[in-house]
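Subject: Structure handover

Hello,

Here is the structure I promised to pass on. Please open it beside this email and follow along.

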Amino acid sequence: MKVGLFVPCYVDQFYPQAGIATLELLEKLGVEVEFPERQTCCGQPMANSGFSHLTGDCDELFTESFAGYDYVVAPSGSCVLHLKEHLHSKKNPSAAEDLRGRIYELVEFLTDILQIKSLKARFPHKVGVHQSCHGLRGLHLSQMSELVAPGFSKPEYLLNFVEGIELISLNRKDECCGFGGTFCVAEEAVSSKMGKDRVSDHVQNGAEYITGADLSCLMHMEGILKRQKSGVKVLHIAEILNAGE
Amino acid sequence: MVKEETQHKGLTEHSGLADIFNRDEQRVNWHDETLWFVRSKRDKAAHSLPEWELLRETASQIKHNVLSDLDTYLQQFEEQALINGVTVHWAADAREHNQIVHSILKKHEINRMVKSKSMLTEECHLNEYLKEHGVEVIDTDLGERIVQLAEEPPSHIVLPCIHKKKEEIGELFHTHLGTAAGESDPQVLTEAARQHLRESFLTRRLALTGVNFAVAETGEFVVCTNEGNADMGSHLADVHIASMGIEKIIPRRKDLGFFLRLLARSATGQPITTYSSHFRKPRAGQEMHIILVDNGRTVQLGREDFRNSLKCIRCGACMNTCPVYRRSGGHSYHNAIAGPIGSILAPNLDMKAYADLPFASTLCGSCSNVCPVKIDIHDQLYKWRQVLVKEGHVSPVKAMGMKAMAFTFAMPRFFAFAGKAGRVVMKYLPFVVSNKLNPWYKEREMPKPPKESFREWYKRERR
């Protein structure tokens with residue numbers, strides 16, 4: 001099995017450690033991983049702003065970079081959802097269509113494709129899980145609180161393999177953090193308030209770390225935590241699953 | 001200073017109005033908690049029915065059927081209503097609707113009327129129209145009466161005065177209804193409103209109600225209230241006018257059960273509204289009118305991507321769950337219908353005036369999940385954004401930035417280089433550089449740029 005690692009633009013630039021943890025974790029689990037270097041972005045920042053007609057070149061680049069792999073894995077639910085729903089190619093339409101079915105967010109790749117039943121990791125801390133909206137409601141990484149349906153959580157299933165970890169519970173288990181791409185600056189007041197409220201739910205319930213499958217949300221919450229000079233830190237779930245030993 | 005700031009941000013846009021709403025953080029907390037409480041009640045009510053998701057799917061499919069055969073159902077409804085002795089009017093738009101109401105008033109020489117809750121009349125700005133024509137309208141839904149006294153529009157379709165605290169309502173009642181100064185006990189205030197409204201019910205000869213559901217096979221319509229004010233108004237008046245959007249049709253009486261079970265549970269967490277009143281024919285000596293209003297609905301019906309928005313049964317669940325609505329208040333949407341559903345309905349009426357609304361969302365998707373008729377609200381918000389950009393309703397600055405971003409991402413080498421040169425590529429991303437002018441930086445720090453990017457690390461370590 002050959003996996004193409006997609007490291008979204010802002011992860012590449014600001015959170016390389018999450019990309020490294022993803023790579024190391026997959027290798028530890030016996031997967032052959034490559035990082036095609038011509039990759040850039042999934043195109044979502046443009047599309048969610050209403051400019052999906054400008055994502056053509058991004059799409060071509062992505063298709064070209066990843067068409068040869070069995071799977072594409074990325075440590076970001078939001079980018080993955082965007083690609084699954086919107087990746088198109090004029091040059092190679094069938095390759096893009098085919099690729100849409102082989103793109104996975106890291107957590108779902110571990111639970112659904114690799115179907116791992118155990119993991120060697122240690123992280124003796126109190127951790128709050130942030131359910132990122134696109135991972136939650138788009139990729140169904142966990143059950144959504146609005147629906148009358150049996151509960152499950154793929155991120156928590158994985159985190160429960162980690163030795164010493166204590167998962168805290170939240171007052172609002174799956175409310176949005178307010179990042180929302182350009183929303184975070186276009187609607188600054190509401191976005192910041194949502195971020196502050198989400199962070200305070202974790203802090204009040206005793207989290208030392210906030211984790212999740214989407215760094216954009218974590219970046220938003222980190223921005224709030226740092227401004228508040230809080231000691232609570234954010235970590236991508238790959239960093240916890242790859243921790244310790 | 002405040003004025004300049006808001007002018008700069010655009011007082012007519014959601015973001016500017018939300019900014020003002022957020023200056024009182026305690027109040028935002030209170031507003032958020034109040035509506036979250038309603039969402040929690042909805043969850044509890046929904047979870048008490050194991051068949052909830054099947055109910056939603058069924059109701060959605062019934063509405064699907066209605067929308068695909070709307071003309072036939074409307075004609076069937078009209079035919080039955082006429083047989084029942086009801087006068088049926090067709091209004092192409094808000095103006096025509098208001099004129100029809102006014103003509104009925106004139107015919108009976110009536111210049112004072114009562115009205116129960118109808119979001120359609122808010123959409124048509126009926127009260128303002130009638131006021132200009134010398135007609136006094138008293139809204140009889142308590143929440144609507146409160147915002148009417150405050151000379152404000154409703155901020156929520158089910159809970160019109162949810163943005164007001166009981167102390168503020170006490171002040172309004174003191175001024176208008178003569179309650180004691182400083183009185184804010186809900187029971188005392190409600191009693192004062194009851195006495196005031198009772199007098200209105202007894203003396204007004206014309207009552208206008210909304211319509212929740214109109215049954216094609218029987219020509220009857222159903223009005224749901226918790227206060228019985230629609231019943232009080234219409235039973236006491238000589239003339240009953242019912243205004244309805246043409247999408248309110250359901251095919252058969254037996255379909256009603258699905259909607260009545262979903263409506264109140266979704267709206268307030270009640271198993272059913274206190275009154276679900278069926279109106280079929282005028283009582284002896286009474287005149288009954290139904291006004292069927294299009295006002296843009298057939299245009300929306302023709303937009304394939306947005307057609308499903310017409311399934312809406314006006315429960316307000318999408319507002320209660322929306323993290324943006326709860327923290328920006330209904331008035332920030334500057335439209336009769338606020339929140340997520342308002343944001344997909346409004347651009348259909350006027351793209352330019354409401355171009356901001358589809359962007360007033362993080363696309364979190366919670367709205368689509370609580371919607372009792374399964375409208376794909378967040379997907380439609382995304383689709384409206386594409387339409388609004390194509391139609392030229394976003395700022396040229398934003399369009400330029402987006403082109404620069406697309407250019408950077410299309411060039412891997414430039415992207416890598418731009419990243420290396422102090423992560424300058426990020427100035428094209430939504431979360432721009434750290435300076436005081438940047439909205440990101442107002443309440444949030446930027447991530448600290450690492451020594452090397454992932455791709456630099458990969459090149460060094462793995463190649």
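First, the ground rules. This is a predicted model: local features need pLDDT of at least 70, side-chain atom pairs count only at pLDDT 80 or more, and totals for chains, interfaces and linings use all residues. Residues are numbered from 1 along each chain as its sequence is written, while chains are lettered from A and ligands numbered from 1 in the order in which they are written.

**Chain B overall**

Chain B has 23 helices and 10 strands. Helices (H or I, at least four residues) and strands (E, at least two) are DSSP runs, numbered from the N terminus. Along the principal axes, the C-alpha atoms of chain B fill a box of roughly 90 × 55 × 45 Å.

How much of chain B is buried? Buried residues make up 50% of its 463 residues. A residue is buried if 20 or more other C-beta atoms lie within 10 Å of its own, exposed if 12 or fewer, and partly exposed in between; the C-beta atoms are placed from the backbone.

Now the contacts. Two residues are in contact if their C-beta atoms, placed from the backbone, lie within 7 Å. Take the contacts in chain B between residues at least 6 apart in sequence: 71% join residues at least 24 apart.

**Domains**

Chain B is divided into domain 1 (12-43 + 311-390), domain 2 (69-295) and domain 3 (402-462). These bounds come from an automatic or database domain assignment. The centres of domain 1 and domain 2 of chain B, taken over C-alpha atoms, are 24 Å apart. Domain 1 of chain B gives 20 residues to their contact, and domain 2 of chain B gives 19 residues. On the domain 1 side, helix 3 (25-47) and helix 15 (317-321) of chain B are the elements that give two or more residues. Helix 3 of chain B has the largest share of that side, 6 residues. By class, the domain 1 side has 11 nonpolar, 6 polar and 3 charged residues. Here Ala, Val, Leu, Ile, Met, Phe, Trp, Tyr, Cys and Pro count as nonpolar, Asp, Glu, Lys and Arg as charged, and the others, Gly among them, as polar.

**Where the chains meet**

The contact between the chains takes 62 residues from chain B and 62 residues from chain A. Helix 20 (residues 396-410) of chain B has the largest share of the chain B side, 6 residues. That side has 37 nonpolar, 12 polar and 13 charged residues.

**The sheet**

In what order do the 6 strands of the open sheet in chain B run? The order is 1-10-7-4-2-3, and the pairing is parallel. Strand 1 (87-91) and strand 3 of chain B stand at the edges with a single partner strand each, so one side of each is left without a neighbour in the sheet. Two strands pair if DSSP finds at least two bridges between them.

Now follow some of the pairs:

- Strand 2 (residues 112-115) and strand 3 of chain B pair in the parallel sense over 4 bridges. B:K115 has B:D139 in strand 3 as its bridge partner.
- Strand 2 and strand 4 of chain B run parallel and are joined by 3 bridges. B:V114 has B:A207 in strand 4 as its bridge partner.
- Strand 4 and strand 7 (residues 239-245) of chain B run parallel and are joined by 4 bridges. B:L208 has B:I241 in strand 7 as its bridge partner.

Strand 4 (residues 206-209) of chain B is covered on both faces. B:L206 and B:L208 are buried on one side, B:A207 and B:T209 on the other.

**Helix 9**

Why is helix 9 (residues 142-149) of chain B largely enclosed by the rest of the structure? Because 6 of its 8 residues are buried. They are B:G143, B:E144, B:R145, B:I146, B:V147 and B:Q148. Their cover includes strand 3 (136-139), helix 10 (166-177) and helix 11 (186-203) of chain B. Just after helix 9 of chain B, B:E151 takes a positive phi of about 55°.

Look for B:H102 in helix 6 (residues 94-107) of chain B. B:H102 is partly exposed, with 17 other C-beta atoms within 10 Å. Not counting residues up to four places away in sequence, B:H102 touches B:L130 and B:H133.

Best wishes
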